[in-house]
Amino acid sequence: MKGENTMFEQMKELICRYVEVDPDSITKDSRFIEDLGFNSYDIMSMLGDAETEFDVEIDEEEIIKCKTVGDLLDYFGGHKNG
Amino acid sequence: MLKNIGGISYECYPLSSAQRLNLCNIKEGTTDEVENIGAGQFLQIGVNLAAMREALNRAVERCESMRLRLWKDPETGETWQYIVPYQNEYFEYYDFSEWKEDKITDVLNKWTSQPFDTFGGKLSRIVILTLPDGYNGFYYNVHHVCMDSSSVIAFTRDVIEIYCSLMYDMPYPKPMASYIESVKRDLKYEGSKKQQKDEEYWQKQIALAEPMYTDYTGPGRLMQLRKENKNKKQRWGLLASSDGKGSTITYELDYDSTMKIMDFAQQNDIPVSIIILHAIRTVLSKFNNECTDITITDLVSRRSTLDNKKCGGVRMHAFPLRTIMPLNTTVIESMRMIKKAQDELFIHADYDPLKVFGGLAEKFGAAPGSTYASVDFTYQPGAIGAINDTLKGIGFKSRWYSSGKQPKPMYITAMHRPSDGGLNFYFGYQTECATPEEIEFLYYFTGRVLFRSIENPDKTLKEIIDMT
């Protein structure tokens, strides 16, 4: 549970590099486009950074389906290297 | 790396891939003004000249790339960039309030056609202007190696916010981000794990079967090239102007029609840029014997992080966006396929585009300057509109001016108007490569295909082509 929360905090920090939002307003249900104001390029670019940040090999076909912060946390949680 | 330039020591940095991409346009035989960006930003309020000069000076001080210079090392021939320290500048002022709009545009186009001394001189010029109907603001000409359209918009917003802060006690804007830091981040990308992954992706794309050139006037140009080269199977095109002479035609889509596109985009979770790309793609297929393999050059602003949005400079990359789809593909499937291809391109958009274009030419033995895409496309999602939030109802107009040269044979920019949010389509074209009639034709069919498509998302591409 602790690892999951740390990852969530890391994810919030990453998101705040891309959009001007209050980190406390980000929840696992926050949708990248509708709620956080990302556009398609922002998301793809963030995923590229997240790959390094979370040390995860992403499958582009799969990752594109992630619409919420929670979706992405689940994906990274399940694909973490090592 | 420290370099001695004119007796002064400057910290110098190599050019970024986006800058090298831009400078290519000069190398290919045109003169330096091809890289000029001319823009005018005007508010419908009286101007306090001293405050405007102060706002412009502060904005230049805050924006490192507005003080960027290039230097060519005489020993190695390598080009370097560096930032000169800020110095207070006295900006000229002209009153055009009694002039007609056409005459003003002519003058500002002429100013935009004045080339900068790319490798040694100052790379921007700003003039304060008064226009008819109570509009005041500034004209701005800058070399593309320093700024791109996203930077111009960010700079404009900064000037306006500083001016409003000085004059109307509004909040002072947050600082711009450092351009040099963005250059350093780009330099770190070289040789990184991310670059390796991007390279793998683009090498896979280059390894695919040869794409097909589809011209916006139909197959005639490719047929002619095949004849000249005595190669009936040639698939690459050569669309280039000897002198880069060009112009821009703007079409304004009305507000209601724009809203139809926006509503469709929202209801179907498809970005507006994809809907337009689908329309252009389908028109190219229609004009080229219903070709199923279409490539469009997709321009990517690469402004995702907050730092990159506010750091100035040029970050725009361009890549071939290739999609192959049978004619029985439905409109909605087509849009989703283009989106998937664009999403992949976006993930790998930090890679050096010149390596991609060079790799394709090398693999297929194409001539220098060859291409598989006759159209370059970019969509600017309402960035100027954000300025309206600051202005709170004050009239604002933004204009782009032409240097008389165009870097690309056909470059379509879709951008929302600051006045009402309707879409403007800017067709930048080289006059040797297109006529105004051909552009009118292209715009007309793009519009027809676009609206038939969003009215009939379950129809196939073949049906849409036949309906239009």
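This is a predicted model: local features need pLDDT of at least 70, side-chain atom pairs count only at pLDDT 80 or more; totals for chains, interfaces and linings use all residues.
**Entry 1. Loop residues of chain B**

I looked up Asp133(B) and placed it in the loop between β8 (124-130) and β9 (136-143) of chain B. Phi of Asp133(B) is near 65 degrees, which is a positive value in a residue other than glycine. Is Asp133(B) buried or exposed? I counted 10 other C-beta atoms within 10 Å, so Asp133(B) is exposed; the cut-off for that class is 12 or fewer.

I then turned to the loop between α7 (220-228) and β10 (246-252) of chain B, where Lys230(B) sits. Lys230(B) is not a glycine, yet its phi is positive, near 50 degrees. Lys230(B) has 7 other C-beta atoms within 10 Å and is therefore exposed.

Ser242(B) also belongs to the loop between α7 and β10 of chain B. I found 10 C-beta neighbours inside 10 Å of Ser242(B), so this residue counts as exposed. I also checked the separation of Ser242(B) from Ile412(B): the two are 170 residues apart in sequence, and their C-alpha atoms are 20 Å apart in space.

**Entry 2. Domains of chain B**

The domain assignment of chain B gives domain 1 (2-182) and domain 2 (192-467). I noted 27 Å between the centres of domain 1 and domain 2 of chain B, taken over C-alpha atoms. Their contact involves 54 residues of domain 1 of chain B and 42 residues of domain 2 of chain B.

I asked which elements give two or more residues to the side of domain 1 of chain B that touches domain 2 of chain B. They are α1 (17-27), β4 (36-43), α3 (101-112), α4 (149-168) and α5 (179-189) of chain B. The most comes from α4(B), with 11 residues. Sorted by class, that side of domain 1 of chain B has 23 nonpolar, 23 polar and eight charged residues.

In soluble globular proteins, nonpolar side chains tend to be buried together. The core draws at least three residues from each of domain 1 (2-182) and domain 2 (192-467) of chain B.

Beyond its neighbours within four places in sequence, Ile280(B) is in contact with Ile296(B), Val375(B), Phe377(B) and Thr446(B).

**Entry 3. Packing of α9(B) on α14(B)**

I examined how α9(B) packs with helix α14 (residues 436-455) of chain B: the angle is about 115 degrees and the axes are 8 Å apart. The crossing of α9(B) past α14(B) is right-handed. On the α9(B) side I listed contact residues including Ile275(B), Ile276(B), Ala279(B) and Val283(B); among those they meet in α14(B) are Leu442(B), Phe445(B) and Val449(B). Thr446(B) in α14(B) and Ile280(B) in α9(B) also belong to this contact. The contact of α9(B) with α14(B) comprises 10 nonpolar, four polar and one charged residue.

**Entry 4. Chains A and B**

How many residues of chain A are in contact with chain B? I found 15 residues of chain A in contact with 13 residues of chain B. On the side of chain A that touches chain B, helix α2 (residues 40-53) of chain A gives the most, with nine residues. By class, I recorded six nonpolar, five polar and four charged residues on that side of chain A.

How values were computed: Residues are numbered from 1 along each chain as its sequence is written. Chains are lettered from A and ligands numbered from 1 in the order in which they are written. Domain bounds come from an automatic or database domain assignment. Two residues are in contact if their C-beta atoms, placed from the backbone, lie within 7 Å. Helices (H or I, at least four residues) and strands (E, at least two) are DSSP runs, numbered from the N terminus. Ala, Val, Leu, Ile, Met, Phe, Trp, Tyr, Cys and Pro count as nonpolar, Asp, Glu, Lys and Arg as charged, and the others, Gly among them, as polar. Axes are lines fitted to C-alpha atoms, for helices over the stretch in contact, and angles run from 0 to 180 degrees between N-to-C directions. A crossing is left-handed if the near helix is turned anticlockwise from the far one by less than a right angle, and right-handed if clockwise. A residue is buried if 20 or more other C-beta atoms lie within 10 Å of its own, exposed if 12 or fewer, and partly exposed in between; C-beta atoms are placed from the backbone.
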